[in-house]
Amino acid sequence: MTEITSSSAAVLAGLISSKQVSSVEITTAFLDRLEKLNPKTNSYLHFNRENSLAQAKKADQQLADGTAVSPLHGVPIAVKDNLTTTDAPTTAGSKILEGWVPQYDATVVRKLREASMPILGKTNLDEFAMGSSTEFSAYGPSRNPWDLSRIPGGSGGGSSSAIAGHLAPLAIGSDTGGSIRFPAAMTGSVGAKPTYGAVSRYGLIALASSLDQIGPVTNSVMDAAMLQDVIGGYDPRDSTSLPNSLGSMVQSVKEADVKGLRVGVIKQLSSDGFQPGVKACFDDTIEKLAAAGAEIIEVDCPSFEYAVAAYYLILPAEASSNLAKFDSVRFGLRVTPDGNPTIENVMAATREQGFGPEVKRRIILGTYALSSGHYDAYYGSAQKVRTLIQQDLAMAFTQADVLLTPTAPTTAFKIGEKVDDPLAMYLNDVATIPANLAGIPGISVPNGLASEDGLPSGLQILAPAMQDAQMYRVASIVEKLYMDQWGASLIARVPDLEAL
Amino acid sequence: MAKEQLMSYEDAIERFEVVIGLEVHVELNTVSKMFCGCANNFGSEPNTNVCPTCLGLPGSLPAVNRKAVESSIAIGLALDCQIASNGRFARKNYFYPDLAKNFQTSQFDEPIAFEGEISIELETGEVFMVPIERAHMEEDAGKLTHVGGATGRIQGAEYSLVDYNRAGVPLVEIVTKPIYGALDKAPELAATYVRAIRDIVKSMNVSDAKMERGNVRCDANVSLREKGAEKLGTRTETKNVNSLKSIENTVRYEIRRQAFILAAGGKIIQETRHWHEDRGHTSAGRPKSDADDYRYFPEPDLVPVQPSKEWIEEIRQTLSEKPALRRKRLQTAWGFADLEFRDVLNSDLLDEIEATVSAGASPQSARKWWTGELARLANAQQVAVQDLPITPEQVAAIQRLIDSGELTDRIARDVVAGVLAGEGEPAEVIESRGLKIVTDEGALIAAIDKALASQPDVMEKIRDGKLQAAGAVIGAVMQEMRGQADAARVRELILERAK
């Protein structure tokens with residue numbers, strides 16, 4: 001069964017469609033593995049064998065009936081626990097939603113069901129996706145399969161550790177400031193944040209509505225492209241979703257060719273502040289691309305200096321409003337205080353007990369930033385920075401087809417290392433945040449192991465808005481250059497979890 | 001609560017200048033809600049017209065109802081407003097259990113319509129131009145019912161029930177600029193303005209416009225300043241005043257209350273107030289200061305509404321006749337005197353009379369029925385005359401029978417009573433109650449002879465030329481015929497007998 005659980009989704013899809021292996025067999029293999037190993041990685045918050053197998057059985061039946069339609073038909077998948085599912089609890093990593101089973105499926109979940117992809121379970125995350133390590137999950141941190149004492153990145157560390165630990169062949173993440181790409185970099189997996197609006201947010205428990213985007217976490221660029229083709233597209237329920245099609249990502253991966261490619265290196269994100277081993281991996285990638293025939297250009301994005309600061313005003317502002325609905329009135333936790341249980345007191349006690357420290361920190365920050373008298377100085381200024389960053393990127397994309405940066409400043413750090421230092425934690429996302437502020441697509445692909453700690457490093461590829469296909473094309477080029485060197489994917493080198 | 005002291009209205013007006021500002025909420029009658037597909041339906045079982053979006057469940061998103069935008073633009077155009085080419089929604093953040101998301105999706109600095117005006121004609125014929133600051137789109141909140149406790153308010157209630165059927169129902173809020181110079185007419189102007197708004201949205205059929213159901217609700221802002229003073233006084237805002245009469249009373253009451261306080265050297269507290277129609281006064285609600293902070297910011301879940309010029313023009317073409325123009329046209333066509341017409345307007349009977357005239361009655365007879373007998377009956381039953389179970393067509397049918405001599409006015413009133421009692425169409429009532437006029441002259445003559453026999457001197461008097469003496473005999477005959485005779489014909493017959 002090892003072969004099945006270490007195969008890419010594309011390979012599994014081929015095995016299923018050619019009827020060599022059934023969806024039930026593949027789903028069973030992953031369920032066996034995750035039931036055994038999830039206690040080590042804490043990747044999943046909820047899973048239900050019977051439920052997953054029922055979906056796999058249905059997929060097999062459709063195949064037998066000749067009614068299978070999706071290229072990923074029958075391939076099981078893990079879903080981040082901030083997407084609503086009618087057949088599994090949805091907690092967003094928070095105590096305030098413990099036990100809540102939604103009355104409706106997120107659009108992405110509906111699309112997975114329509115593609116007959118059995119859902120293996122719901123993956124862990126920092127509470128309401130606020131964090132870069134999963135240490136802020138109310139249900140304990142997930143652990144990095146490369147080293148169980150280290151973080152798998154966040155907020156989507158459940159999905160990234162499930163991919164790297166072969167507890168799922170595919171996973172869904174959400175990315176507000178790097179929550180797909182940063183965990184991918186920490187675990188040597190592939191994580192893509194599509195253009196804002198490329199994937200419907202309906203049913204994604206909102207962190208910051210103008211920044212949130214759902215995307216794939218996978219073993220390979222092809223797998224990510226296949227998954228984006230399944231989950232993408234216009235949704236009338238999400239008025240911010242893009243009305244026009246972005247084309248086929250899979251087609252773009254197949255046509256990958258380095259000829260004539262102009263690669264931009266962002267001055268502000270290529271030198272200072274990166275761990276030497278991470279920087280070395282990045283330089284190596286640039287050399288490989290140049291050697292393969294790409295033109296390398298340095299571009300200047302001076303406003304990036306203010307990106308983290310602007311992000312930590314816009315995000316908390318929107319989050320403070322998005323999280324107001326968690327008030328105990330209609331769903332979730334209700335705490336009735338002793339003494340005088342007025343509605344105000346019940347709301348306050350519920351939120352006091354139901355929210356963790358990082359959520360409270362950001363609600364307070366955001367409430368302050370939106371307050372009258374402070375609005376212009378904080379939220380208003382942050383929106384101006386956002387515009388400047390968009391202008392910087394627009395300028396940079398006149399010079400280069402894609403922009404490259406290291407995905408993260410460091411490799412995976414130890415659990416507990418940064419949890420009491422919010423600023424240090426926030427700076428993990430310094431390279432990923434600009435893409436969210438500008439709404440452009442970004443992907444992280446593994447580009448080696450840092451020499452000093454032997455842990456994975458990630459390369460981020462940014463493309464202009466709506467040119468997700470271009471992003472996948474270049475990601476595929478980079479992946480191929482490394483596959484030629486390594487002979488296998490980086491994830492193949494993850495230690496044997498069963499032995500750990 | 002101690003009764004508040006008031007200055008006489010005349011003294012208050014003499015000393016202070018009144019400034020009013022009116023916010024009117026209009027509930028649109030779209031089929032579905034503002035941001036989801038749920039039915040916009042009054043009176044359904046609680047919490048049956050709900051979905052993840054209007055319940056504010058985690059993960060749900062709003063999507064704008066195009067028809068609601070169209071209605072909002074139509075209202076803006078009817079108020080001579082400019083229409084925004086880029087109207088953004090904004091979140092108004094505050095915690096309250098009737099608000100599913102604990103923020104209201106509204107519009108803040110980019111309303112769909114702005115800078116308009118409407119001319120309001122008072123009873124005296126005086127015309128005021130009321131300046132409109134804006135008309136913006138927003139969603140209604142759910143409905144709270146507080147159970148237990150003495151006040152029916154949330155404070156002191158044992159528990160509260162929430163019905164989210166109304167949550168997300170589309171509203172248009174129309175806000176005037178401060179209205180100066182109405183002087184003693186301020187209360188009347190306020191009520192007349194709200195009536196004008198109600199008539200407009202009703203005639204455009206964008207709202208059911210039933211004030212008693214809260215389809216049209218008014219918040220009345222009132223402030224006073226010493227005559228000649230530059231600076232505006234502190235205002236109070238009386239919330240959710242739900243009838244035209246109450247609006248007039250509220251404004252009048254606030255003028256008198258504030259005048260008393262100011263004259264005594266006191267200060268007006270900026271607050272929201274509530275009007276109690278039964279007790280005839282307002283009472284203090286929540287203190288409202290400029291420190292109230294709703295933390296407005298652009299709604300990130302919605303793209304801005306960007307109506308094209310073509311669409312706006314299309315909507316403009318469909319605008320119905322403005323109520324003011326319609327009133328002028330009808331008064332001329334019907335030939336009503338100003339006083340008569342004002343009666344009609346004040347009793348809000350324009351639609352009924354127009355329909356009765358369309359069904360064949362003369363304008364004057366239609367007016368007399370609705371403002372006379374029917375208004376009296378409605379008043380006796382304490383219902384709105386419009387809500388009486390009789391249609392304009394039935395009124396017209398009864399009038400036709402009078403005109404053709406088949407009914408007398410008196411019998412016709414019995415027919416109306418029968419229709420109101422649910423006895424069927426006028427013809428059925430006439431049949432079942434036996435209300436036909438007695439036209440059998442033999443029966444009439446027999447009754448006349450009987451009456452003359454008991455009053456032998458009458459014949460003599462008539463022959464002497466004292467025709468009025470016939471009256472006594474007519475009365476006796478009508479009594480004999482139980483009213484179902486044509487008194488004029490009876491008179492003729494008596495005079496014939498006397499020859």
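This is a predicted model: local features need pLDDT of at least 70, side-chain atom pairs count only at pLDDT 80 or more; totals for chains, interfaces and linings use all residues.
The predictor assigns the complex an ipTM of 0.95 and a pTM of 0.85. For chain B, the average pLDDT is 90, and 98% of the residues score at least 70.

Chain B is divided by the domain assignment into domain 1 (9-315), domain 2 (321-433) and domain 3 (441-498). Between domain 1 of chain B and domain 2 of chain B, the C-alpha centres are 34 Å apart. Seven residues from domain 1 of chain B and four residues from domain 2 of chain B make up the contact. On the side of domain 1 of chain B that touches domain 2 of chain B, α3(B) gives the most, with four residues. By class, that side of domain 1 of chain B consists of three nonpolar, two polar and two charged residues.

In soluble globular proteins, nonpolar side chains tend to be buried together. In this model, the largest nonpolar core has 235 residues, of which A:I77 and B:A190 touch the most other members. The most is given to this core by helix α3 (residues 186-203) of chain B, which supplies ten residues. Another core, of 23 residues, lies apart from it and includes B:I353, B:A396, B:V415 and B:V416.

The surroundings of A:I77 can be listed residue by residue. When residues up to four places away in sequence are not counted, A:I77 touches A:L112, A:M117, A:I119, A:L120, A:A168, A:L170, A:A171 and A:I172.

Terms used
Residues are numbered from 1 along each chain as its sequence is written. Chains are lettered from A and ligands numbered from 1 in the order in which they are written. A nonpolar core is a set of buried Ala, Val, Leu, Ile, Met, Phe, Trp, Tyr and Cys residues joined through C-beta atoms within 7 Å. A residue is buried if 20 or more other C-beta atoms lie within 10 Å of its own, exposed if 12 or fewer, and partly exposed in between; C-beta atoms are placed from the backbone. Helices (H or I, at least four residues) and strands (E, at least two) are DSSP runs, numbered from the N terminus. Two residues are in contact if their C-beta atoms, placed from the backbone, lie within 7 Å. pLDDT is the predictor's confidence in each residue, from 0 to 100. Domain bounds come from an automatic or database domain assignment. Ala, Val, Leu, Ile, Met, Phe, Trp, Tyr, Cys and Pro count as nonpolar, Asp, Glu, Lys and Arg as charged, and the others, Gly among them, as polar.
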